[in-house]
Amino acid sequence: MAQPTQATTEHAPASGHGGGFPPFKAETYGSQLIWLGLCFVVLYVMVAKLALPRMASILADRRARIDGDLAEAVRLKGEADAAVATYEKALADARNRAHTIASETRERLARESEAHRKSVEADLARQLTEAEKTIAAGKTAAMTNVRGIAVDAAGAIVAQLVGKAPSQAAAAAAVDHVLKR
Amino acid sequence: MADPIHQFEIVNLVPLAKIGSTELHLTNSALFMIVAVAITGVLMLGTTAGRQLVPGRLQSMAEVTYEFVADMIRSTAGEQGMRFFPLVFSLFTFILFANLIGIVPYTFTVTSHIVVTASLALLVFLTVIVYGLYSHGLGFFRLFVPHGIPGYILPFVVLIEIVSFLSRPISHSVRLFANMLAGHITLKVFASFVAGLGTLGAVGWAGASLPLIMVVAITALEILVAFLQAYVFTLLTCIYLNDALHPGH
């Protein structure tokens, strides 16, 4: 370890400076003040004229850029919201229209089928009445025929039993009398 | 044992000019003042030359330093204090880098000399007085008359205020000077213990490990102190400048 020898050599110039506490040696003040003045003025000018304005402009640019981007984002969000609103309105309109068309169609179809049903029913009713009329006519005709046959049959039966045919009118009256019962 | 005071000796390195009978030398002190200014230049100009929108690491350091000092001024002296931004910023970076460079072995600590710290403190002191009188005229002296003090003790309070105002540059400069001086003497003393015990063989080596650990720990502490004292000096500067801006308070 060379430290002790170095220590003695270190000590020698210290005493060579006349000893004393270096910060209180007034003969060094002049040069320190001159250098401090020079350095601090250079530093101040550099800081005031170059460094701080440049830094301020960098930070201002960044702030402006961020604010601009945020404003742009807000604007785009507004546009997107408007587009969504338009889309939803269109969707709602379309749904309403579809609803209207569906209900109109349903009503129209209901009306048409109702009309169709009524016409068919009317047709059927008419056919029914006609059929009833035909039946009634047929029945009347049949009844008339039955009476004629009955009168003839009654006359023939009486002639067979009694041997003497009754008059046409008496047989008819007797048949009517029975038919009414 | 190595002389712990020797490190504060001003040494002439290069003779530059001769004015009358006095010679101007590039001294070790001057060299490290220039280094401190150069580091500030590199930090604030070299790293921001790219003017990047998204800062890199080095530009971030410059921006953090800028914002740190700007916030300090805004919080203590308000937005008006920003007119002193270049002065406060120069003081902060100069003292910070002078302190930090001084921790590197074989360098010189510019701020360990009372004449340097006193000059900087007087610069602040005179700035406060000149700006205070310039912007407020005689109203600047309201600084010495606090509000809400009963009349009969007011003379004493004013006297105390004046004395405390006048002693500001002393405490302002001695605080920085003494901190740097004491820290470097402590480091040197412990370091010389290491060297001294190291010559005593194996036992000495074991004994030397303790002061070695101390030196490492104190070096870490000194880095903190270097930053802290630069911060304290700058913060007090802001507080004093606030008096020049708003003497009524």
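Me: Which residue in β2(B) does B:P15 stand opposite?
Reply: This is a predicted model, in which local features need pLDDT of at least 70 and side-chain atom pairs count only at pLDDT 80 or more, while totals for chains, interfaces and linings use all residues. Residues are numbered from 1 along each chain as its sequence is written, chains are lettered from A and ligands numbered from 1 in the order in which they are written, and side-chain values use heavy atoms, with hydrogens and water left out. Strand β1 (residues 12–19) and strand β2 (residues 22–27) of chain B run antiparallel and are joined by 6 bridges, where strands (E, at least two residues) and helices (H or I, at least four) are DSSP runs numbered from the N terminus, and two strands pair if DSSP finds at least two bridges between them. B:N12 has B:T27 as its bridge partner in β2(B), and the residue opposite B:P15 is B:H25.

Me: What phi does B:G20 have in the turn between β1(B) and β2(B)?
Reply: The two strands form a hairpin, with 2 residues between them. B:G20 lies in that turn, and its phi is positive, at about 65°.

Me: Which element gives the most to the lining of the second largest pocket?
Reply: On a 1 Å grid over the protein atoms alone, a pocket is an open set of points with protein on both sides within 12 Å along at least five of seven lines, and lining residues have an atom within 4 Å of a point. The second largest pocket is lined by 16 residues, with A:E27, A:T28, A:S31, B:N12 and B:E23 nearest its centre. The elements giving two or more residues to this lining are α2 (29–162) of chain A together with β1 and β2 of chain B. The element that gives the most, with 5 residues, is β2(B).

Me: How many residues apart are B:F68 and B:F92, which link distant parts of the chain?
Reply: B:F68 is partly exposed at 30% relative accessible area, whereas B:F92 is buried at 2%. B:F68 belongs to helix α2 (residues 57–77) and B:F92 to helix α3 (residues 85–103) of chain B, so that they are 24 residues apart.

Me: At what angle do the ring planes of B:F84 and B:Y131 stand?
Reply: B:F84 is buried at 9% relative accessibility, and B:Y131 is buried at 15%. Their ring centres are 5.0 Å apart and the pair is edge-to-face, because the planes stand at 85°.

Conventions: 1 Å grid on protein atoms, 1.4 Å probe; cavity = no way out; pocket = protein on both sides within 12 Å on 5 of 7 lines; lining within 4 Å. Buried < 20%, exposed > 50% of the residue type's maximum accessible area, 1.4 Å probe, protein only. Phe/Tyr/Trp six-rings, centres within 6.5 Å; stacked < 30°, edge-to-face > 60°.
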